[in-house]
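Biologist: Could you pick one part of this model and take me through it slowly, residue by residue where that helps? I'd like to see how it is put together, and then what sits further along the chain.

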Amino acid sequence: MSHLDEKLQIAEDINLTFDLTAKPNTSDLKAHEDRAVIANLRADLVLPNNKILTVDIDFNSTSGYHNTTMMIMDDFGVEMLAAGFETKYGKEHAEKIRQAWANRDLPTDPRKPSYLLVQKPINENEMPRVYAPCGRKDHINTSPLAIV
């Protein structure tokens, strides 16, 4: 931890560390007038074999994370998302979200998804796209398809 780091505990099980070192914005993203915009998140995932997999999520790309509006990480979040989809878009779309969370993408994949990403629609008459990118065996040669 550098001397420019600050720690903040916002709940018993949520701790944030802020690196206050000034860095230039090398992304194509722009902050809002009164709110910051997330350009990158780094997540350490605890795998079923008790190893750590680090995932660097770059929101400044066309990787499926661009325009991400939500990251869902557990059963409760998935049910909240599915309930919202069911109300707004119909039961069929909600069930696709529930099924994607409950199952491996391919039978040969090592695990079920670790998180879902919801990407806001570009146009008003479209639905949000939902991705389940982490659970696959091959992250490099395949690109996750939208669930809905």
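Modeller: Let's start with L45, which stands opposite L53 in β4. Keep in mind as we go that this is a predicted model. The two strands around that pair are β3 and β4, which run antiparallel and are joined by seven bridges. Together they form a hairpin with five residues between the strands, and in this hairpin N50 has a positive phi near 70 degrees.

Now look at the side chains of R42 and D56, which form a salt bridge with an N to O distance of 3.7 Å. R42 belongs to β3 (residues 40-46) and D56 to β4 (residues 52-58), so this pair ties together parts that are 14 residues apart in sequence. In general, oppositely charged side chains can pair when their charged atoms come close. Across the whole structure, the search turns up eight salt bridges.

Zoom in on β6 (residues 116-119) and you'll find three bridges linking β6 to β7 in antiparallel fashion. Within this stretch, V118 faces V130 in β7.

Next to α1 comes helix α2 (residues 91-102): the two axes come within 7 Å and cross at roughly 165 degrees. Anything over 145 degrees counts as roughly antiparallel, and α1 and α2 are therefore roughly antiparallel to each other. Their crossing is right-handed.

Which residues of α1 and α2 meet? From α1 you have D75, V78, E79, L81, A82, A83, F85 and E86, and from α2 K91, H93, A94, I97, R98 and W101.

How values were computed:
Residues numbered from 1 in each chain as written. Predicted model: local features only at pLDDT ≥ 70, side-chain atom pairs only at ≥ 80, totals over all residues. Heavy atoms only, no water. Pairing = 2+ DSSP bridges. Helix = DSSP H or I, 4+ residues; strand = E, 2+ residues; numbered from the N terminus. Axes fitted to C-alpha atoms, helices over the stretch in contact; angles between N-to-C directions. Parallel < 35°, antiparallel > 145°, perpendicular 65-115°, else oblique. Left-handed = near helix turned anticlockwise from the far one by under 90°. Contact = heavy atoms within 4.5 Å. Salt bridge = Lys/Arg side-chain N within 4 Å of Asp/Glu carboxyl O.
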